[in-house]
Every structure is written in C-alpha cells, then in structure tokens.
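This report concerns the charged side chains of one protein model and their surroundings. Please keep the sequence and the structure in view while reading.

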Amino acid sequence: MFDQTIDPIDSCGCGDTGYLTTRTVPIDLVHGVGRIDKVPVYHCNSKVCEQFTLPPIVSRRLDDIAEEMERDQSTEAVYTWNSHQEQSLDPLQRSNEQTHLQAFTLQFASREYADAHVVQIVPGLEVFFQSTLEDTEYYLLRYEPDTRTDGIWFSFLKFYYEEPEFTYENFLEWSEEGHLKEIGRITLDEVEDTLTDEFGD
C-alpha cells in the first residue's frame with residue numbers, strides 16, 4: 001500500500017503550482033470535527049492562499065487515521081505512515097524502507113535553522129536547504145541507495161545556484177552540468193547532528 005512515492009510538485013487547490021509541504025488538516029469525525037497535524041499537502045506557498053491539494057496516497061491514509069480517531073474518540077492526531085513500525089522482511093523490506101524514508105524526509109517540511117531553511121523536499125529522496133547568510137548558497141541531503149553497506153546512507157552536498165527562484169525542475173536541468181560538491185556521506189542516525197553542526201539550531 002505504501003510502495004508509492006509522492007511527487008515533490010503537483011498543483012495547489014487554487015490552480016497554481018503546488019509544492020510539497022505539511023500542514024494541519026481539519027477532518028470530520030462521527031463525534032465532531034477533528035484535526036490531523038503534519039499532513040503532506042501541495043500548496044502554492046502564497047501566504048494568502050488557504051487552499052491545498054492532498055496526494056492520493058495521503059488521502060487514503062487520512063481515512064485510516066480518521067477510523068483510528070473514531071475508535072479512540074479523539075479529536076487530534078499526527079499524520080503517520082502506518083499505525084505500527086514493524087520491520088518486515090522479504091519483499092516488503094524495501095517497501096517499508098521507502099515508507100520510512102518518505103516519513104523521514106517529510107519531517108523537514110518548512111524547517112528553519114539559524115543559518116538555513118528548507119526550500120524543497122522530494123519525499124524519500126532529497127531535502128534542499130538554502131543558506132540564510134548567502135542567497136545563492138544551497139545544500140542538498142540526498143538518499144544514496146547502496147547495497148554494499150548496511151543501514152541508510154545520505155550524501156550531503158553543497159552548490160551555488162544563481163537563478164532568481166529555485167525550482168526543482170530547473171535544478172534537475174541545471175545539475176546535469178555537474179555543479180554539486182559532495183561534503184560527505186552520513187548515516188540516517190547522523191543526519192540531525194550534521195545539520196545542526198552545519199546550520200545551527
């Protein structure tokens with residue numbers, strides 16, 4: 001069920017381009033109106049726009065969460081990918097790892113550090129940061145599938161992007177010319193400490 005990926009860009013409910021972020025979503029329950037925090041949505045990033053679009057896989061998961069809330073008679077919940085974090089083996093292991101990576105990368109939505117903030121997320125694959133000290137300075141945390149080593153690994157890269165607006169489509173075309181400099185490779189457990197060391201709290 002969770003082997004699908006979420007595209008980083010789709011359309012906002014207002015019709016403009018929607019960028020993946022997270023927000024609190026109201027939900028109708030049998031026992032009243034509830035809310036679910038940290039739901040992945042597409043939004044145009046306009047502060048005056050209150051509309052958004054849900055990725056299909058997220059809509060299906062919201063139905064499951066609503067059922068859990070009705071069973072528990074609760075009105076608040078936090079979006080999670082699944083109700084239990086069991087580690088499966090065999091063919092399901094890859095699917096579970098991808099699900100875990102999507103949840104891990106989406107937790108960075110709208111995150112800000114002292115010296116950088118998140119500008120784009122590609123769920124399960126990449127997180128882009130822009131420096132608050134230098135507008136053209138960017139960093140990229142990219143998942144690196146490697147069958148030769150155990151664990152989940154990321155490459156941490158730096159690049160300078162001088163276009164007036166950062167968009168994922170333009171980045172893909174631009175990065176083919178090889179402008180990325182690798183700072184290092186880190187494990188999943190080292191990500192938070194590395195980002196804090198690089199950007200501050």
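## Basis of the model

The model is predicted, with local features requiring pLDDT of at least 70 and side-chain atom pairs counted only at pLDDT 80 or more, while totals for chains, interfaces and linings use all residues. Residues are numbered from 1 along each chain as its sequence is written, and side-chain values use heavy atoms, with hydrogens and water left out.

Seven salt bridges are counted, each defined as a side-chain nitrogen of Lys or Arg within 4 Å of a carboxyl oxygen of Asp or Glu. A network of such bridges links Arg61, Asp64 and Glu68. Within it, Arg61 is paired with Asp64 at 3.9 Å, N to O, and with Glu68 at 3.7 Å between the closest N and O atoms.

Arg61 and Asp64 both belong to helix α1 (residues 56–72), where they are three residues apart, about one turn of the helix. Helices (H or I, at least four residues) and strands (E, at least two) are DSSP runs numbered from the N terminus. Arg61 counts as buried because its relative accessibility is 3%; buried means under 20% relative accessible area, exposed over 50% and partly exposed in between (1.4 Å probe, protein chains only). Asp64, at 25%, is partly exposed, and Glu68, at 22%, is partly exposed.

## A bridge between distant parts of the chain

Arg111 and Glu192 form a salt bridge through their side chains, at 3.1 Å from N to O. This pair links distant parts of the chain, 81 residues apart: Arg111 lies in the loop between α2 (92–106) and β5 (116–122), and Glu192 lies in helix α4. Arg111 is partly exposed at 21% relative accessibility, and Glu192 is partly exposed at 31%.

Glu137 lies in strand β7 (residues 137–143) and, with 13% relative accessibility, counts as buried. Its side chain makes a polar contact of 3.0 Å with that of Tyr160. Such a contact is a pair of N or O atoms within 3.5 Å; within protein, one must be able to donate a hydrogen and the other to accept it, and residues adjacent in sequence count only if both atoms are side-chain atoms.

## A negative surface patch

Asp189, Glu190, Asp193, Asp197 and Glu198 form a negative surface patch. Patch residues have over 30% relative accessible area and no salt bridge, with like charges joined within 9 Å and nonpolar side chains (Val, Leu, Ile, Met, Phe, Trp, Tyr) within 5 Å. Asp189 occupies the loop between β9 (181–187) and α4 (191–199), and its 69% relative accessibility places it in the exposed class.

Conventions
Accessible areas come from the Shrake-Rupley method with a 1.4 Å probe; for residues, only the protein chains shown count as cover. Lys and Arg count as positive and Asp and Glu as negative; His and the chain ends are not counted. The place of a charge is taken as NZ of Lys, CZ of Arg, CG of Asp or CD of Glu.
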